[in-house]
Amino acid sequence: MEPQKKTKNIGFLRRMKEKLEFRIATEAGSLSAEKDLVRQIKQVDEELNEALKGFRMRKKADFIARDIEECKKKLEEQEKLIGEQEKKLDELYTNLRKLSGMQRRSQGRREGGSKRSMQEPQHMEVSLADIAIIKDKKGEKDDEDE
């Protein structure tokens with residue numbers, strides 16, 4: 001059977017199974033006739049299970065496809081937010097450089113200057129690692145003096 005026919009037949013197969021079960025429960029017939037009805041019920045039940053399995057799989061695939069689309073939309077939104085935050089950070093870094101007296105090399109070139117004509121920093125920057133080394137050296141001298 002085609003996949004579309006299986007889903008359309010689910011209702012038909014359920015009704016057929018109910019009719020056969022009703023006939024077994026209500027009709028008084030020979031033993032061979034009841035065995036035949038039981039065989040028919042088993043066959044219909046197998047077809048129904050296959051149809052339901054296919055239907056459930058298609059339903060799961062639809063749910064997964066929807067989830068993927070939702071995740072893609074959320075990802076795009078997050079990428080937009082990240083882009084906006086990156087722009088803000090760039091602006092803040094630019095302002096920080098202006099305040100500290102440093103300029104980008106590309107900015108100096110755009111203004112018609114050369115690398116050599118860039119402004120030197122007005123004050124010398126000291127990293128935290130340098131501060132730690134200075135403190136260690138002072139601590140060693142204090143220990144030696146004692």
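Predicted model: local features only at pLDDT ≥ 70, side-chain atom pairs only at ≥ 80, totals over all residues.
User: Where is Glu-79 found?
Analyst: The protein has four helices and zero strands. Along the sequence the pattern reads α-α-α-α. Glu-79 lies in residues 31-100, which form helix α2.

User: In which helix is confidence lowest, and in which is it highest?
Analyst: Across the protein the average pLDDT is 78, and 66% of the residues score at least 70. Confidence is lowest in helix α3 (residues 105-110), with a mean of 50, and highest, at 92, in α2.

User: Which side chain meets Lys-17 in a salt bridge?
Analyst: A salt bridge needs a side-chain nitrogen of Lys or Arg within 4 Å of a carboxyl oxygen of Asp or Glu. For Lys-17 the N to O distance is 3.0 Å, and the partner is Asp-45. The pair links distant parts of the chain, 28 residues apart, with Lys-17 in helix α1 (residues 3-26) and Asp-45 in helix α2.

User: What separates Glu-50 and Lys-53 in helix α2?
Analyst: Glu-50 and Lys-53 form a salt bridge, with their closest N and O atoms 3.8 Å apart. Glu-50 is partly exposed, its relative accessible area being 41%. Because the two are three residues apart in helix α2, Glu-50 and Lys-53 are separated by about one helical turn.

Key:
Residues numbered from 1 in each chain as written. Heavy atoms only, no water. pLDDT = per-residue confidence, 0-100. Buried < 20%, exposed > 50% of the residue type's maximum accessible area, 1.4 Å probe, protein only.
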